[in-house]
Number of protein chains: 2
Amino acid sequence: MISATTLFSPVEADLKELSENLTRLISARHPILGAAAEHLFSAGGKRVRPAIVLLASRATLGDRPLTQRHRRLAEITEMIHTASLVHDDVVDEAALRRSVPTVNSLFDNRIAVLAGDFLFAQSSWYLANLDNLTVVKLLSEVIKDFAEGEIQQGLNRFDTGMNLEIYIEKSYYKTASLIGNSAKAAAVLSEVDPEIGDRLYDYGRNLGLAFQIVDDILDFTGSTDVLGKPAGSDLIGGHITAPALFAMEEHPNLTQLIEREFAENGDPEKALEIVRNSNGISRAKELAAHHGQLACHSLECLDPSPSKDALTDLIDYVLGRMY
Amino acid sequence: MISATTLFSPVEADLKELSENLTRLISARHPILGAAAEHLFSAGGKRVRPAIVLLASRATLGDRPLTQRHRRLAEITEMIHTASLVHDDVVDEAALRRSVPTVNSLFDNRIAVLAGDFLFAQSSWYLANLDNLTVVKLLSEVIKDFAEGEIQQGLNRFDTGMNLEIYIEKSYYKTASLIGNSAKAAAVLSEVDPEIGDRLYDYGRNLGLAFQIVDDILDFTGSTDVLGKPAGSDLIGGHITAPALFAMEEHPNLTQLIEREFAENGDPEKALEIVRNSNGISRAKELAAHHGQLACHSLECLDPSPSKDALTDLIDYVLGRMY
C-alpha cells in the first residue's frame, strides 16, 4: 500500500517549508506556546489538509509557479485544523490524540485555550491579508462550521435521535467543510474557471466525508495500538457514528444501551459486540466507497498532472485504510 | 454625573435591538449555549463598544440612515469582545466578573470554550459577509491583538521587567485596538473621507487606553462592592498596571514583593499600601487624562451632531469614574 509520504511527493518540499514556518510563527510569541507548537506541528502529523491545498494549487496552476498566497492558504488550513483539535480536546477533556498526549493534558487547559485562540486569530489575519474576499468568505464558512460541529459533538452525546442525515452533516462540519472549501479557495487563487473550483469543492467534500467515515469504522475495527486509544471509545463516549447508526436499525437493543449511557456492568462490551456482529461496518464501508467514487468523478475536470494523480491516489489511500 | 444610559441616548433603540439579536442568535444553536448567552448579554453589560460603533456610524452618516451593515459591525464588536472575556476567564480561572459568576464557573470550561469559539466563528462569518476587505482587515487585526494580549496577560504575570511602553501596548491589545479599529471601520462603511476614519481610530485608541488606565486605577481605589472582586486583585494576581508601575519607581521594595510573588505573610497588604501611599495613583490619573485629551482633539473633524456630543461626553464619563 502506498504511504502518505510517497503520495504527497509532488508537494513534499512545500510541506516541509510549511511545517517550519508554522513552528517558527508560534515559537516567536512565547516559550510555552513554542513548546506547545513544537508538540503540535512536529508530532508526526500527516499534513493531509495543507497537502490537498498544495496539490489543488499545483493542479490548477498548470505550468505557472506556486505563489506565496497559495502557500499561505495551505498554512491557514493547517492552523484552523490544529486550533480546532486543541479546543476539541479541551471540550472532550481528552488526554490522548493518536497515542500522543494532548496540549490540555501535557500543559493545561489555559495553554490549550491560548494556543487555539492564537492559531484562530493568526489564521484570520493571514486570511484577511490574502486580499481576496471570495477566499475570506470560503474560509470563514469553515470556521463557522467547525464551531457548529464542536457544539453538536460536545453537547449532543448519547442522542439516539441521530440519523444518517445528521451524521453526514456533523461529518461535513467536522472534516469535509475545511477540505472542500480550501480546495475551492486554491482554485480561486489560481484564477481558473469557477466551474473547476466547484468541482474541487465536491472533491474535497466527498473525500472529507469518506475520510471521516473510515475513521469512524476504524474506531470499531482498529487495535488500541493503531488507534492510540481503546477501540470503541467514540461509541462509549456517546458519539454515534455510521457503523453504530446502521447497527441500531438492526438491533433496537443497542439503542437501549446507548440511552442508559452504558451504565450497567458489561454494557460497553455488549454494545461493541452488537456493532461488530451487525452489518453496520460493511454498510459504513459502502458509504465511504460511495463518497470516494463521487470524489473521483469530480477530478475529471482537471488536466493530467502529477498533482492530479496524487489527488486521485489519495482517495484510494483513504479508502484503503478501512480494509 | 451623567449615566451610561443617558450618554447613549442617540443610539438607545439601536442598542436594544442589538442585545435582542445577539441573544436570539446564540440561543438558536443550543439550550445550554442559550443559557450562557442569556447570562452574557443580559447581565447588565453597558454595551460601550457597540455604542461607540453606532455613535461613530451616525456621526459619520450625517443625514443618511443607519444601514444594516453598520448594525452588523456593532454586533461583531460586541461578539468579539464577549468571546475574548469568556476565554480570558478560562485562562485566568476567574470565578467572578463584575460581581457576576463567569461562564466557566457557572457552567464549566467546556461550555466557556464552546461559547467563545462560537462567538469568534460567528463574528468572522458576519465580518466576511460585510463584503468590505478594508473592514475585514481592521477587525482581523483586532482578533489578532486580543490573542496577543491574552498571551501577554496569561503568561507574563509577576514580570517586573514591565515598563510603561509594554503596559500601553498590553492595554492597546486588550482594550484600545477593538475600540479604535471598529470606530474606523464604521467610518469606512459610511464611505467618508479616509482622514475622518483615521481620526476616529485615534479617538478610539486613546479613549480605550484611558478606559483601561481608569479601570486599573479603580482596582486600587475602588471598594469590593463596586469592583465585584477584592480591591488590588490585579496586582496580587501578578498583573502590574499603571499605578503599581509608577509606585515601583519610587519604592524598589515593591519590586521585591512582586518578585517573590507575595509569598510571605502580609506581603499583599504591604504592597497595596505602598501603591496607595505613592504618587502612582495620581500619575496614572494624569496619564488617563492625557489620553482623554488626545481623544477629544480627534473628534474635531466631525460635524456637530448629537452623536458627536455623545462621543465627547463619553470621554468625561470614562475619566469621571476615577474621581
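The legends below describe close-up views of a predicted model.

**Figure 1. The contact between chain A and chain B.** Chain A contributes 39 residues to the contact, and chain B contributes 39 residues. Between them the two chains bury about 3700 Å², and 64% of this area lies on carbon and sulfur atoms. On the side of chain A, the residues that lose the most area to chain B are Arg110(A), Leu114(A) and Leu155(A), which together account for 18% of what that side buries.

**Figure 2. The largest cavity.** A search of the whole structure gives six cavities of 30 Å³ or more. The largest cavity has a volume of about 230 Å³. It is lined by 18 residues, of which Phe120(A), Ala121(A), Ile143(A), Phe120(B) and Ala121(B) are the closest to its centre. Four helices each supply at least two residues of this lining: α7 (109-128) and α8 (133-155) of chain A, and α7 (109-128) and α8 (133-155) of chain B. Sorted by class, the lining of the largest cavity comprises ten nonpolar, four polar and four charged residues.

**Figure 3. The second largest cavity.** The second largest cavity holds about 80 Å³ of space. From chain A, its lining includes Ser124(A), Leu127(A), Val136(A), Ser140(A) and Ile143(A). From chain B, the lining includes Ser124(B), Leu127(B), Ala128(B), Val136(B), Ser140(B) and Ile143(B). Helices α7 and α8 of chain A and α7 and α8 of chain B each provide at least two of the lining residues. Seven of the residues lining the second largest cavity are nonpolar and four are polar, with no charged residue.

Figure 4. Helix α13 of chain A, residues 242-250, is mostly covered, with seven of its nine residues buried. The buried residues are Ala242(A), Pro243(A), Ala244(A), Leu245(A), Phe246(A), Ala247(A) and Met248(A). Among the elements that cover these buried residues are α9 (164-189), α10 (194-221) and α12 (233-236) of chain A. The cover also includes α14 (252-259), α15 (267-276) and α16 (280-298) of chain A.

**Figure 5. Asp234(B) and the residues it touches.** Asp234(B) is placed in helix α12 of chain B, which spans residues 233-236. Its relative accessibility is 16%, so Asp234(B) counts as buried. Leaving aside residues up to four places away in sequence, Asp234(B) touches Asp216(B), Asp219(B), Lys229(B), His239(B) and Thr241(B).

**Figure 6. Asp316(A) and His290(A).** Asp316(A) belongs to helix α17 of chain A, residues 306-320. Asp316(A) counts as exposed because its relative accessibility is 52%. Along the chain, Asp316(A) and His290(A) are 26 residues apart, and 12 Å separates their C-alpha atoms.

**Figure 7. Cys296(A) and Cys301(A).** Zero disulfides are found over all chains in a search of the whole structure. Cys296(A) is in no disulfide, and the cysteine sulfur nearest to its own, that of Cys301(A), is 12 Å away. A disulfide requires the two sulfur atoms to lie within 2.5 Å. The sulfur of Cys301(A) is 12 Å from the closest cysteine sulfur, in Cys296(A), and is therefore too far for a bond. Cys296(A), at 36% relative accessibility, counts as partly exposed. Cys301(A), at 30% relative accessibility, also counts as partly exposed.

Conventions: Residues numbered from 1 in each chain as written. Chains lettered and ligands numbered in written order. Predicted model: local features only at pLDDT ≥ 70, side-chain atom pairs only at ≥ 80, totals over all residues. Heavy atoms only, no water. Buried < 20%, exposed > 50% of the residue type's maximum accessible area, 1.4 Å probe, protein only. 1 Å grid on protein atoms, 1.4 Å probe; cavity = no way out; pocket = protein on both sides within 12 Å on 5 of 7 lines; lining within 4 Å. Points joined across faces, edges and corners; volume = space filled by probe spheres on them. Nonpolar A, V, L, I, M, F, W, Y, C, P; charged D, E, K, R; others polar. Contact = heavy atoms within 4.5 Å. Buried area = accessible area lost by both parts, 1.4 Å probe.
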